Amino acid sequence: MSWLLPLPVAIPLLTAAAIVATESLLPRRVLDAVALAAAAAATAFSLLIMLHAEAGDVLHWFGGWRPSGGVAIGIDFAADPLGAGLAALACGLVTLALLYSWSYMQEAARLFDALMLVFCGAMAGFALTGDLFNMFVWFELMGVAAYALAGFKVEELGPLQGAVNFAITNTAGAYLILIGIGLLYARTGALNLAQLGRMLAGHPADRLVIVALTLVFVGFLVKAAIVPFHWWLADAHAVAPAPVCVLFSGAMVEMGIYAVARIYWTVFSSPLGHAGEVRSLLVWIGVVTALVGALMCFLQRHLKRMLAFSTITHAGVMLVGVGLLDPKALAGAANLVLSHGFVKGGLFMVCGAVLVRLRAVDELRLHGAGRAVPWWGVLWAAGAVGLIGVPYVGVFLGHALVDDGATARGIAWVQPLLMIAEAVSGGALLRAGARVFLGWGAKDDSLLTPEPPEEPPERDAAVAPMAVAATIAIVIGLALSVTPGLEVRTEHAAERFVDRTAYVAHVLRDAKPAREPRPPFTVRAATTESWAYGLAALALAALTAAFGLWRHRLPELFRAAAGRALRPPVEVLRSAHSGIVGDYLLWLTIGTAVIGGVWAFTLR
Amino acid sequence: MNFLAYGVAGWICLVGFYGAIVSKNLIHLALCLTVIQSSTYILLLSIGYEKHGGAPIFKGVKLGTTAVDPVVQSLTLTDIVISVTVIALILALALDAHKKAGTIDPDQLADFHG
């Protein structure tokens, strides 16, 4: 089945080239349909690869350059269920986004289709490759397509800021990755992940390995929008067209998290035998990211920016799942990526539809205006509830597994903090939904940050394809927690993901692991603890939303005291999100130095 | 010799970051990114350097002749190709910024914040 592997990359890339070449020859709708078919085909092949990979990793050596004597010479794609699943998620979201843009991107342009397909192919390649430098190349290709898509509506000033900040911070991060890769190559003479892992095994980590670890991780954490590297994400999301935001939040950010997990388990897990210090740092920055994202989410009135900060919250939780360095928590992170990708994608689609129908994406300006479009209100509410972690809905399964992993690793204190972060960011979404679609709450709120308005697309955009795409995304996202067999399968896949020796033996010596029996299609009952956390999150989210809506009805004395206590830290946090790219690069430099410094002292 | 090359690479990288952080001009900022990028060239090429090594072209060369590492050279080439695209895109955005806003100062372009 190894011939399948290049297809999810080759089909979108070749179709993109064909679309650009035939732009002036074929009518627009034909090209749109071709792009949609290519993305759907890439999704189907990724799913097929994922099913095959359940029985054992699928390998493809390009040009037939197989390893000889246990030494990798060529470049390989190595698909395991989690990697192939991520590729399928990315391609699936591209398909939905292209369906959505059928009517949303009117003036658009086939260039848009071509860029979306390049983005799709690059993400699939990134998720499937088994070579570190190849990973960097896909990372950069993904970046270039993404920068162009973020600034797609260049007639306005807003997109320029978002695209520039996004391009510059991510490029700087990519150079850090490249330096890290260079250092690893200098030490091992290898670029293949399995080969790197084998060469570094058995030696304790020295300074060079620690520096390489820091640089590579920081570079990918920039893409994953982890505090203090997250600044670009809100700027890019605020200005990018809605279907592009679907991919940024649903798949691209998750690629950064995936890269950290993949590279840690294949390359660094062996030299860093005492991984406790790596774990504690990753878990800490994950928790801080989740809390900062939640607070900033609550302070927004620009709906897309609000969703962007909610993505930062969830990226933090995913990083905790990966950073716990535990297979169960990793399975949780994988499930979280999957359900969050669809739900958040659906919410961005709702945002785009609101912009088309109601001509704005500002919570206060739209006060009560959403009563005219009840279906979008239902979708928004369903999506917001799906992100809170209510039992058996949306991100619940991923959450419960991350919590289980945290308990297993003896750091149960992260559970309440993550629950609070999710509840506050979910509550902010509920508040915005209630204000826009029901007209509840105050008409003005000085707490929320005013932002420049977004130029809506033409009024006559047909909403039918948009409604279909958004409904599919949200229904899939919500149903994932009760999909029979998903939990067992991700847990099996995560256990294989962390098994470095089996991966190395399979890639370098073609030693196939024993075939496991197919796991059953069942839904496990949630533990009492997960139920308690899920319901507490729902209650807290409702409280948060009510606080946002009816704060002015609280007693004056209480409000003044709360204002005095909360105002200063909130203002500091708000002013740190300055929108100036130089500040972001300064944070990048400081963050790299601090993370590297901490690891240099603790990992010796 | 090697330590000097690594030191130079590190220094250029830091200089590039400093320039990018304080930059008040998008074109200058794009060039600072290419400065950071050139540090990666120096690093990669010095990793593959062999004393008295020739170019890694093995046609008509005696077996066992020392040559520099060709892998890092291809990494450098790939890096150049990718970065040209990125820098071109940033410069195009700078051009657009000048057309729309009449400025290429990133501080003045910052509409969204907080």
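Trainee: Of the contacts in chain A with a separation of 6 or more, what percentage comes from residues 24 or more positions apart?

Mentor: Keep in mind that this is a predicted model. In chain A, residues 24 or more positions apart account for 84% of the contacts with a separation of 6 or more.

Trainee: And what is chain A built from, in terms of helices and strands?

Mentor: Its secondary structure comes to 22 helices and two strands. The C-alpha atoms of chain A fill a box of roughly 75 × 60 × 50 Å along the principal axes, and buried residues make up 62% of its 604 residues.

Trainee: Which domains does the assignment give for chain A?

Mentor: There are domain 1 (156-263 + 554-604) and domain 2 (275-483 + 525-552), and the C-alpha centres of these two domains of chain A lie 21 Å apart.

Trainee: How many residues are in contact between domain 1 and domain 2 of chain A?

Mentor: On the domain 1 side there are 33 residues, in contact with 39 residues of domain 2 of chain A. The elements of chain A that each supply at least two residues to the domain 1 side are α9 (231-239), α10 (242-268), α21 (556-576) and α22 (581-602), and α10(A) gives the most, with twelve residues. By class, that side of domain 1 has 23 nonpolar, seven polar and three charged residues.

Trainee: Which residues touch the most other members of the largest nonpolar core?

Mentor: Those are A:A90, A:F119, A:M123 and A:M142, in a core of 275 residues. The largest share of this core, 20 residues, comes from α10(A). Domain 1 and domain 2 of chain A both give residues to the core, so it lies between them.

Trainee: What is A:M123 in contact with, leaving aside neighbours within four places in sequence?

Mentor: A:M123 is in contact with A:A90, A:M142, A:A251, A:M252 and A:M255.

Trainee: Changing topic, is A:R435 buried or exposed?

Mentor: A:R435 counts as buried because it has 25 C-beta neighbours inside 10 Å, where 20 or more are needed. A:R435 sits in helix α16 of chain A and, not counting residues up to four places away in sequence, touches A:E363, A:H367, A:W440, A:G441 and A:L549. The C-alpha atoms of A:R435 and A:A514 are separated by 56 Å, although these residues are 79 residues apart along the chain.

Trainee: And where does A:I420 lie?

Mentor: A:I420 lies in helix α16 (residues 414-438) of chain A. With 17 other C-beta atoms within 10 Å, A:I420 is partly exposed. A:I420 and A:Y533 are 113 residues apart in sequence, yet they are 9.6 Å apart in space, C-alpha to C-alpha.

Trainee: Last one: how many residues do chain B and chain A put into their contact?

Mentor: The contact takes 36 residues from chain B and 40 residues from chain A. On the chain B side, the elements giving two or more residues are α1 (2-22), α2 (26-47), α3 (70-101) and α4 (106-109) of chain B, with the largest share, 14 residues, coming from α3(B). That side of chain B has 24 nonpolar, seven polar and five charged residues.

Technical notes. Residues are numbered from 1 along each chain as its sequence is written. Chains are lettered from A and ligands numbered from 1 in the order in which they are written. This is a predicted model: local features need pLDDT of at least 70, side-chain atom pairs count only at pLDDT 80 or more; totals for chains, interfaces and linings use all residues. Two residues are in contact if their C-beta atoms, placed from the backbone, lie within 7 Å. Helices (H or I, at least four residues) and strands (E, at least two) are DSSP runs, numbered from the N terminus. Ala, Val, Leu, Ile, Met, Phe, Trp, Tyr, Cys and Pro count as nonpolar, Asp, Glu, Lys and Arg as charged, and the others, Gly among them, as polar. Domain bounds come from an automatic or database domain assignment. A residue is buried if 20 or more other C-beta atoms lie within 10 Å of its own, exposed if 12 or fewer, and partly exposed in between; C-beta atoms are placed from the backbone. A nonpolar core is a set of buried Ala, Val, Leu, Ile, Met, Phe, Trp, Tyr and Cys residues joined through C-beta atoms within 7 Å.
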